[in-house]
Amino acid sequence: MRSPVPINTGRLYDVWPWTRCPSSLFDKTCTAPRAAVAQDVLIVVKTGGTEQISRLKDQLDTLLSTVPKENVLVLSDLTEKVDSVPVLDIFADLSPNERKHYPEFELYTQIQKLQKEGQDTRMLNAKGGWDLDKYKNLPMARKIWRDMQEGNMRKMKWFLFIDTDTYIEWDNLAELLSHFDASSQYFFGSPVWVSDVVFGHGGTGYVLSYGTMEALNKVSSSIPLDDPMYSQYGLNVTSLCCGDLALAKVLQDKADITIKGFWPMFNGEIPSSTTYGGEIWCEPVVSLHHIGEKNLAALWRWVEDWKKRTKSVAPLLFKDLFDYIAADISATRNDWDNTEEGHRIYPPSPSQSASSSTPHKIFTSFEQCRAACEADVLCFQFVFQGTSCALAHTIRIGRPKDPEKLEGGQEERSYSGWMVERIRHWTTETSCKDARWVRSNP
């Protein structure tokens with residue numbers, strides 16, 4: 001008899017009542033309390049002139065199709081219209097003095113020149129677009145605050161920042177926000193640790209409250225307009241990797257605000273690379289990342305259909321998201337890695353004692369690795385490469401993996417396997433009495 005995998009044994013969580021919404025969250029017929037919260041969320045989409053425009057188009061056609069236009073702000077490094085939606089240039093108000101201090105803005109000059117000439121800016125180097133991108137996050141916060149104070153934008157209470165390959169489950173996000181006071185200082189997202197700063201991963205989506213936007217923009221009052229770091233709130237961003245780190249650093253160092261991390265609800269994976277198991281099974285899905293174009297459309301349609309089938313009587317959980325990818329699980333896949341390093345378990349080889357320093361390195365076949373998984377009653381899947389065998393007590397489809405080139409021209413391939421019946425039994429027998437809204441960490 002297989003032992004049960006424990007459900008969320010490490011994190012504290014809340015259980016909140018759920019009110020079903022028979023229509024879109026943003027529809028006036030939705031009377032759930034979270035619907036009122038959704039009306040005051042500004043969704044800020046960050047894109048760029050070197051990024052393929054199809055990503056934004058697909059997001060507008062699916063994820064953002066039910067969101068009122070006044071709740072969506074698309075910011076870029078050029079001004080244009082995409083499907084009648086205005087895209088604003090976040091750098092338009094930067095002084096020439098500021099731009100000339102950073103070599104990355106040479107690309108910005110090229111983007112503006114090509115657009116004026118009627119040429120396609122997407123022909124430019126996408127890598128340069130990434131380097132320029134890190135200068136956008138802080139000016140976005142500054143622009144939004146200024147426009148609200150000057151009456152150019154309706155005053156909002158919450159500010160969600162996403163990329164064009166981010167997926168958001170609107171009902172779950174609004175439900176989470178409904179339990180916090182927007183006038184207080186909050187910064188929510190999926191935490192990433194870099195040195196002494198914890199930042200909210202931008203592609204996964206992060207949220208700032210009105211109170212945080214207010215505190216952030218008080219910081220800038222002493223910085224002169226002609227300062228070369230004016231748009232960055234006085235921070236030299238040049239040496240930093242990315243704009244989401246820059247934002248967190250200013251919030252931490254100058255406003256004493258740090259992130260409240262809500263991973264895995266804010267999640268940086270796609271459904272097939274998510275690691276499913278007891279740790280996240282009953283937790284709501286707020287966001288996913290790297291959901292590009294056709295995949296975004298397919299997931300969006302599936303979730304919309306799921307809500308119709310279930311009548312939205314409960315929030316979308318990772319348990320439910322698993323159903324989206326369940327049909328893709330098979331007994332074996334070649335040139336594939338289904339494991340994640342943090343969840344790998346290395347069994348001893350049948351031909352060597354467990355006391356060996358590298359017992360997993362002397363497996364001789366895929367079948368031998370499968371036997372090790374079968375012998376471990378908690379094992380759901382495994383991967384065999386060369387002479388290495390790794391098991392997992394969690395479920396994940398994973399990604400393709402090209403053969404590794406070895407000396408002498410030989411190749412070392414990866415072979416993944418799943419205990420299909422075990423997975424079927426555990427996933428069908430493991431239910432969730434309630435949605436578990438995890439508390440923040442940190």
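Author: Strand S2 (41–46) and helix H7 (170–177) each give at least two residues to the lining of the largest cavity. Helices (H or I, at least four residues) and strands (E, at least two) are DSSP runs, numbered from the N terminus. A cavity is a set of points, on a 1 Å grid over the protein atoms alone, where a 1.4 Å probe fits but cannot get out, and its lining residues have an atom within 4 Å of a point. This is a predicted model, in which local features need pLDDT of at least 70 and side-chain atom pairs count only at pLDDT 80 or more, while totals for chains, interfaces and linings use all residues. Residues are numbered from 1 along each chain as its sequence is written, and side-chain values use heavy atoms, with hydrogens and water left out.

Now to the lining itself. H7 supplies the largest share, 4 residues. By class, that makes 9 nonpolar, no polar and no charged residues. Here Ala, Val, Leu, Ile, Met, Phe, Trp, Tyr, Cys and Pro count as nonpolar, Asp, Glu, Lys and Arg as charged, and the others, Gly among them, as polar. The space inside comes to about 50 Å³, where a volume is the space filled by probe spheres set on grid points joined across faces, edges and corners.

The structure holds 2 cavities of 30 Å³ or more.

Let us finish with the disulfides, pairs of cysteine sulfur atoms within 2.5 Å. A search of the whole structure finds 5 of them. One joins Cys369 to Cys389, with 2.0 Å from S to S. Cys369 lies in helix H12 (residues 366–375) and Cys389 in strand S17 (residues 388–392), so this pair ties together parts that are 20 residues apart in sequence. Both Cys369 and Cys389 are buried, a word that means under 20% relative accessible area, with exposed over 50% and partly exposed in between (1.4 Å probe, protein chains only). Cys21 and Cys30 form another disulfide, their sulfur atoms 2.1 Å apart.

Terms used: 1 Å grid on protein atoms, 1.4 Å probe; cavity = no way out; pocket = protein on both sides within 12 Å on 5 of 7 lines; lining within 4 Å.
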